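I opened the file to take some notes on it.

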Amino acid sequence: MLDLSQYQSIGEALRDAMQKYSGEICLIEADRERENHRLTYRDFQQRAEPLAKALQDSGFAAGDRASIIMTNQSKWLISAYAIFYTGGVLVPLDYKLTAPQQWDLLRHSGASVLITEYPIWRQLSVAEGRAACTNLRWVLVTEAPANADLGGAQRWEEFSAAGAPQFVPRERRDLASIVYSSGTGGQPKGCMMTHDNYLEQCVALTSLYPFWPGVRYLSILPTNHAIDFMVGFFGPFTCGAAVVHLRTLRPEFVREAFPKYQITYVSLVPLVLKNLQKGLQARFDALPARKRKVFDFLVRVNKALTRSHPRLWLSRRLLPQVHNAFGGGLRAMIVGGAFTEPQTLQFFYDLGIPVANGYGLTEAGTAITVNDLKPFRADTVGKPLPGMEVRILHPDAAGNGEVAVRSKTVMSGYLNEPELTARAIVDGWLHTGDLGHFDAQGHLHLVGRKKNMIVTEEGKNIYPEDIEGAFDSLPVKELCVFAADYIWPRRSMVGEQLILVLHFEPGQNLTDELRREIVRRNNQLLNFKRVHGLVVFENDFPRNASQKVLRDSLRDLLVGLDRATAVQPL
Amino acid sequence: MTRTLDQTTQEVLDLAARHFQVAPGTLAPSDDFFRKLGINSLQALELLSRLENHFSIELPDYEMQGVSDFQTLAERIQSRL
């Protein structure tokens with residue numbers, strides 16, 4: 001791999017990777033059973049440079065911001081390379097957000113360029129919020145049909161200029177990207193990540209999970225997500241490895257991709273990992289009794305022989321059917337975005353497929369702790385990565401307290417939010433809002449959250465404040481949405497739920513009609529945003545001088561209620 | 001077989017109701033299928049695969065980005081029939 005300590009910026013490292021690994025395969029893009037293309041680093045560079053030159057010719061300069069809203073595909077990475085080459089700041093946005101949410105973040109980020117796909121632009125171009133986004137100067141759209149109305153955009157494929165672009169150097173402390181860790185509510189949290197953040201994180205992660213030419217990473221998590229950006233782009237590219245993009249996430253094609261492309265690593269969210277577990281378990285359960293007995297015996301042997309550390313070659317021989325279904329070359333599955341249940345991690349490890357579980361926040365780079373598999377532990381989120389200082393603030397008698405991190409990978413702050421930044425980073429320590437403790441082996445255990453939020457199995461961060469709008473003007477005196485575990489900690493990071501706290505007008509009760517209205521409104525929310533229970537609170541909500549609900553004070557009042565009796569299932 | 005957009009829309013609604021086991025007639029063209037059916041993205045992909053088989057067409061995932069109501073889904077299908 002490149003010696004990243006010698007580099008100042010992502011763009012500089014990627015530029016040299018193009019030279020060093022020019023003949024190696026860097027990208028494979030497939031659409032179902034069809035392979036769209038297979039690019040070497042040289043091919044990749046030849047496709048990116050005309051775009052970089054066209055951006056430069058249009059006036060795009062160092063520090064300018066360019067957003068990408070695309071599904072995972074080769075043009076995502078080619079565009080990002082061109083942005084970094086020209087000294088730009090990348091603003092990767094989630095293609096699954098609604099169009100008005102995307103416009104909000106485009107405006108907030110100050111992006112002057114948007115690179116997106118035609119199907120996304122078709123929705124975005126006519127959505128509310130476009131007129132207010134006056135900072136946007138150019139929109140480049142990929143794969144637009146021949147006679148499509150581009151709504152003021154230009155075709156990505158035609159946005160190119162002849163001649164070599166000029167490489168624009170950046171320093172480590174310069175802004176490399178703005179990554180939104182949330183932002184569907186009133187206060188977008190745009191994490192300002194520097195080149196130093198990425199270079200340091202890449203060194204730390206690849207020391208545990210290395211890439212090299214010939215390694216193939218299947219990119220399924222959205223590339224705008226910090227994990228896929230690192231292990232599905234920057235990490236493999238600085239090591240000469242290849243990234244495989246599928247233009248579909250249908251399980252049948254994802255399954256086929258493992259053997260077809262000889263996948264080495266893949267990243268998944270817990271929901272997909274659990275689905276894989278369910279599918280495998282069903283196949284094992286369908287085995288005839290005798291075969292099942294033999295299979296179970298081999299799993300037990302594998303488990304015993306890999307107790308201290310993984311032995312991939314041995315597991316592949318003991319359980320060839322399982323490993324061949326994953327292509328025979330899978331070294332690890334990386335799971336992220338949300339907490340994973342230990343029994344799911346153990347299920348795969350017992351089959352000889354290590355799952356690299358860990359813990360991270362966009363604000364801290366990609367990962368803070370990762371399981372180093374020496375030995376595998378399903379019950380923890382691993383040890384701090386090299387270069388990460390992690391401590392527990394104000395531990396209670398059981399040693400649990402807020403997890404705080406200090407590292408070169410921690411963001412420089414939230415864009416345009418100095419107060420929010422000052423609350424998040426105190427004396428150089430990032431306060432994560434998560435609660436946990438270290439065990440004697442130095443593994444971190446997470447036990448709950450200090451912050452009022454939940455994370456779904458799909459890796460979505462849900463803030464209760466964002467849900468309250470759905471219940472606006474409900475005929476009650478006042479209402480508030482909370483993460484139930486924020487009020488009554490459960491010492492668990494799975495199965496988190498939201499509750500709706502209601503305070504009635506004098507003499508008012510929870511009638512069937514009101515309950516029906518709450519259910520109706522709740523059902524209009526996306527499934528992962530729905531509240532699961534109601535709490536009727538007898539007193540006025542504490543408020544500040546400007547009549548804003550003091551959530552923490554309200555929580556302190558609710559804590560006194562018994563969860564089991566206070567929460568009525570909805 | 002030539003279908004009108006209305007017929008295609010009705011077939012989409014019927015198939016979604018059967019697949020997710022909700023009472024026929026409870027789904028409307030303007031409904032957001034994520035919200036109405038309470039489904040996640042993986043379940044939405046299952047529905048797309050069933051629709052592909054039913055209509056004998058291919059619906060690329062990326063062309064469905066931002067589509068969340070049955071009417072638009074039916075229009076995208078109709079344009080490929």
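Entry one, a helix. I looked at α6(A) and found it mostly covered, with 11 of its 14 residues buried. I noted the buried residues of α6(A), among them A:His195, A:Tyr198, A:Glu200, A:Gln201 and A:Thr206. A:Leu199, A:Cys202, A:Val203, A:Ala204 and A:Leu205 are also on the buried list for this helix. I kept in mind that the model is predicted.

I then checked the length of α6(A), residues 195–208 of chain A. At 1.5 Å a residue, its 14 residues should span 20 Å, and the end C-alpha atoms are 21 Å apart, so the two agree.

I turned to A:Val501, which sits in strand β26 of chain A, residues 498–503. Is A:Val501 buried or exposed? I count A:Val501 as buried because 26 other C-beta atoms lie within 10 Å, and the cut-off for buried is 20 or more.

I listed what A:Val501 touches, leaving out residues up to four places away in sequence: A:Leu479, A:Cys480, A:Phe482, A:Val535, A:Phe537 and A:Leu558. I also looked up A:Val567, which is 66 residues from A:Val501 along the chain; their C-alpha atoms are separated by 9.0 Å.

I found 15 residues of chain B in contact with 20 residues of chain A. On the chain B side, the elements that give two or more residues are α2 (33–37) and α3 (41–55). α3(B) gives the most to that side, with four residues. By class, I have six nonpolar, six polar and three charged residues on the side of chain B that touches chain A.

Note on methods: Residues are numbered from 1 along each chain as its sequence is written. Chains are lettered from A and ligands numbered from 1 in the order in which they are written. This is a predicted model: local features need pLDDT of at least 70, side-chain atom pairs count only at pLDDT 80 or more; totals for chains, interfaces and linings use all residues. Two residues are in contact if their C-beta atoms, placed from the backbone, lie within 7 Å. Ala, Val, Leu, Ile, Met, Phe, Trp, Tyr, Cys and Pro count as nonpolar, Asp, Glu, Lys and Arg as charged, and the others, Gly among them, as polar. A residue is buried if 20 or more other C-beta atoms lie within 10 Å of its own, exposed if 12 or fewer, and partly exposed in between; C-beta atoms are placed from the backbone. The expected span of a helix is 1.5 Å times one less than its number of residues.
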